[in-house]
Amino acid sequence: MRIALFIARRIAYAIGLLLAVAILNFTLIHLAPGDVVETIVGEMGGASTETIASLRKTYGLDRSFIEQLFIYISRVASGDLGVSTYFNRPVLGLVADRMFATVLLVFTALATAVVLGTFLGVTAARRPSSWLGALVTIVALFGFSAPVFWSGLMLLLLFASVWPILPASGMYDIASGATGFAYALDVAHHLILPAGTLAIIYLALYSRLARASMIEVLGSDYVRTARAKGLSENKVVFKHALRNAVLPVVTIAGLQFSGMLAGAVLVETVFTWPGMGLLAFEAILRRDTQLILGILLLSALLVIVGNLLTDLAYRLIDPRIRTDG
Amino acid sequence: MDRLAASASEARGPWREAWSVFKRNYAALVGLCILALVLTTAIAGPWLYPVDPFDIVGAPKTPPGADADALLGTDYLGRDLLAGIVRGGRPTLMVGFFAAMIATVIGITMGALGGYYGGKVDALLGRITEFFQVLPALLFAMVLVMLFSPSLVTVTFAIGFVAWTSMARLTRAEFLRIKQLEYVRAARAIGSSNSRIIWGVMLPNALPPIIVAATLATGTAILFEAGLSFLGLSDPNVMSWGMMIGSNRNYLREMWWAVTFPGVCIFLTVLAISLVGDGLNDAFNPRLRTR
Amino acid sequence: MAALLEIENLEVEFDTWDGRVRVLDGVSLSVNAGETLGIVGESGCGKSMTALAIMGLVPKPAGHVTRGSVRFQGEDLLAAGEAHLREVRGHRIAMIFQEPMTSLNPVFTVGDQIAEAARLHLGLGSGQARARAIEMLKAVHIPEAERRIDEYPHQFSGGMRQRVMIAMALICEPQVLIADEPTTALDVTVQAQIFDLLQELRDTRGTAIVLITHDMGAIAEMADRVVVMYAGRKVEEGPVEAILAQPAHPYTRGLLACRPQLHLGTGGARTVLQEIPGVVPPLHLLGRGCAFAERCAHALPRCREQFPPETMAGEGHHASCWLLEPADGRQAA
């Protein structure tokens, strides 16, 4: 019952946030120099004052700011995010088509980074001065410092050119026309490089975090109690310590959702992965304002959903949060 | 155990103590050296090697070492790669530094005010911070640059404007912690004004983690700038490392050098900053260092 | 009859910023079946470290047991393999710690944590172990045991958490319970309750207890024998009555005199609160003499040069002090 209340509260909050994003979008359109009518007039090569006035009326630009804002918000609320000037399709449909690819990419990268990172970090923590600990720190620094698009390109060079075992672009092999399981396998094959590239940065961060967190947990009083009870070291580490050590990783991972989406823009561009990020790049290239703002709004939605899921996961792991409501 | 460790040497001033710890950290010193190298190249390079990176000096796609006029090869248009690398440092470093400054200023202000006043002020500022956190920063920066014309100044402000949230969170946490301490209560008791307490008493004490965060933020800002110029959103008249990677990426297979070298530069710069930042972090928190 | 637990010449060293420091220097003591041994001394004197050494829990990698033996039922635990140590820990020798607030894992239920030892050492199934855990909760007087067994540590108060720790320690019926300052972190009223509980459990189960504390009142009530430690060394040992009535070592006398005295009734001068002047010296600066010499009002030049051997001060009572050396040179074995 408390969970339901929690979720309901969060949804209401999320709607508020999205509203704020929509307002921001609208404000940005207005702050930017030039507007839709000016662009059209420019393309027409000049127009009379009457034409301009009637154009402004058509686009609703003759109304007051507040009125326009209200119209915009009500349109967004009903799902009308405008029409892409380049693709000539409704923005919502356009973005929705691409959402799955991006979610798949980001989710795979996140899961890999968290699971593998925790595993590496925990192993390094158990043997504090071993080479593994140093390796983890080094990998962390490298992964974090290299620009993601450059790592992607380097990996592309390595695995699609020098040692061609992975596909260089796209999400699946269009020519093969595979379906069902074969299709899934093909997608997975194409997913390795982009997801791997995206995961590296976060892998670096999470393994360091997991290592530091695990070291701290291993020095805690309740771990000492567990040892005093005669539990084997494996039990102490994997049953008692791990669950506590993983908490900061989950917290940080949750906070980095928006960062991951941003990274996805770059990764999708490098690997031509047909997701929202690539769409955003194309939108920027064509100065398709409606489209890019629609993407911004929907990205915010994805981040909010991601945050909610992270919070739920956190509640699952740490009972202290549960009973405090 | 801590008692044993604490029963050690005589007390030194906190900054000198930090410096002595920093000095012992080899990784941080290496970082500092790399940074010095990068800075020198950025400042003195264009003067020592005055080739315009936009000039066509040779045949396109020449590999490194093949042409004496272009030691590192040429890009897809025949422009000198070495010139690009030498010139590319400046915009990268400048944008990174100033954007980080902007983000720090905004972040500190938001965090300090929220942490100090608490209550409704904190709630409001917290909402604003969360709002900015929900927007994917790069996307938002892209939108800003697209709408307001791509110049170095726009890019700097765009990055600073979207990247301040972690600084704000950090500052707020520090202020919440420091607010409880004795000397703050003492300052209030003698009637110091709020702004005096915030900026004169609390902020100097919150500085160490803020300095570390600002250092790391510079690294992040540089990566941001690289991303934006990679996508072609930065000033087209300025050759930056990210732009070099972006414009040459379609020819990756034939021309690995045009993409690799600029990337290595960005990587080294950010790496150096991260090492220095880590060193600072350890220096200010000797307790956390493993023996 | 051989003692249940016998520590001989135990030496433990630690790597610190100031080099290698000896935190336990030739400590020897023994515990007989069913008896309660009190270990007293200031913070940092090594009493906790002794306990950890018995359990094989000296913190690594900084800590090293460099010399000595810990014999439990005749077997040297220090020479035993890790597997054997784990079998002993929690099963035949159990330990409770000072900080009940942080000594329980926050993500598992109390019942889970108590039953864990029983499942591990006694091979009980989960149902049986749970029933046993409920029994233990009742034995430590936690109300509504059947309901509270499924609650989490943060839902218990400090005193109750310590009771949970005691339940966890005693569920496998150990022969020795080491209680390391079990009440220091608790309120005064709760302290008394915990000591009462320990006494009750000892009387019903016959467990030997090693009670580490600086609460002389608890020692007076519970201990059969007392060991006094200072700066990593044992300075006095004897039956509790002898220690309390006729303390032989100047440090022990100082400790006992430090207790605030309550004088009822008006009139008469108020007594000044006694203290032992000075502080415990840093362990890495200790010389070969008696560590207490700097603070001792009766120190002889000899005290600073050589650590005094154990000298008899009464029946089963001896102390390490040059002041005690009888004229005919009689010394303890």
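At 38% relative accessibility, B:Phe161 counts as partly exposed, where buried means under 20% relative accessible area, exposed over 50% and partly exposed in between, using a 1.4 Å probe and protein chains only. What you're looking at is a predicted model, in which local features need pLDDT of at least 70, side-chain atom pairs count only at pLDDT 80 or more, and totals for chains, interfaces and linings use all residues. Residues are numbered from 1 along each chain as its sequence is written, chains are lettered from A and ligands numbered from 1 in the order in which they are written, and side-chain values use heavy atoms, with hydrogens and water left out.

Let's stay with the rings for a moment. Over all chains, the structure holds 13 aromatic pairs. One of them joins B:Tyr116 to B:Tyr117, edge-to-face, with 5.1 Å centre to centre and 80 degrees between the planes. For the record, rings of Phe, Tyr and Trp (its six-membered ring) pair if their centres lie within 6.5 Å, and planes under 30 degrees apart are stacked, over 60 edge-to-face and the rest tilted. B:Tyr116 is buried at 3% relative accessibility, while B:Tyr117 is partly exposed at 41%.

B:Phe161 has a partner too: it pairs edge-to-face with B:Phe132, at 5.6 Å centre to centre and 90 degrees between the planes. That pair ties together distant parts of the chain, since B:Phe132 sits in helix H5 (residues 119–134) of chain B and B:Phe161 in helix H7 (residues 152–162) of chain B, 29 residues apart. B:Phe132 is buried, with a relative accessibility of 12%. Both rings belong to one aromatic cluster, together with B:Phe131, B:Phe140 and B:Trp164.

Helix H7 of chain B is mostly covered, with eight of its 11 residues buried. Those eight are B:Leu152, B:Thr154, B:Val155, B:Thr156, B:Ala158, B:Ile159, B:Gly160 and B:Val162. Their cover includes helix H4 (81–117), helix H6 (137–147) and helix H10 (194–230) of chain B; contact, here and below, means heavy atoms within 4.5 Å.

Further along chain B comes helix H8 (residues 165–179), where you'll find B:Ala168. This alanine is buried, at 4% relative accessibility. Leaving aside residues up to four places away in sequence, B:Ala168 touches B:Gly107, B:Met110, B:Gly111 and B:Thr129. B:Met110 lies 58 residues from B:Ala168 along the chain, yet their C-alpha atoms are separated by 5.7 Å.

With 333 residues, a compact globule would have a radius of gyration near 20 Å, and chain C agrees with its 21 Å; the radius is taken over C-alpha atoms, and the globule rule is 2.2 Å times the number of residues to the power 0.38. Its C-alpha trace spans about 65 × 60 × 45 Å along the principal axes, and 54% of the residues of chain C count as buried. Among chain C contacts between residues at least 6 apart in sequence, 62% join residues at least 24 apart.

Helix H10 (residues 250–257) of chain C has six of its eight residues buried, so this helix is largely enclosed by the rest of the structure. The buried set is C:Pro250, C:Tyr251, C:Thr252, C:Gly254, C:Leu255 and C:Leu256. Covering them are, among others, strand S3 (36–40), helix H8 (216–222), strand S9 (225–230), strand S10 (233–239) and helix H9 (240–245) of chain C. Elsewhere in chain C, C:Tyr152 sits in the loop between helix H5 (145–148) and helix H6 (158–170).

Chain A has another make-up: 14 helices and zero strands. Its C-alpha trace spans about 90 × 55 × 40 Å along the principal axes, and 48% of its 325 residues count as buried. In chain A, 74% of contacts between residues at least 6 apart in sequence join residues at least 24 apart.

Definitions and conventions. Helix = DSSP H or I, 4+ residues; strand = E, 2+ residues; numbered from the N terminus.
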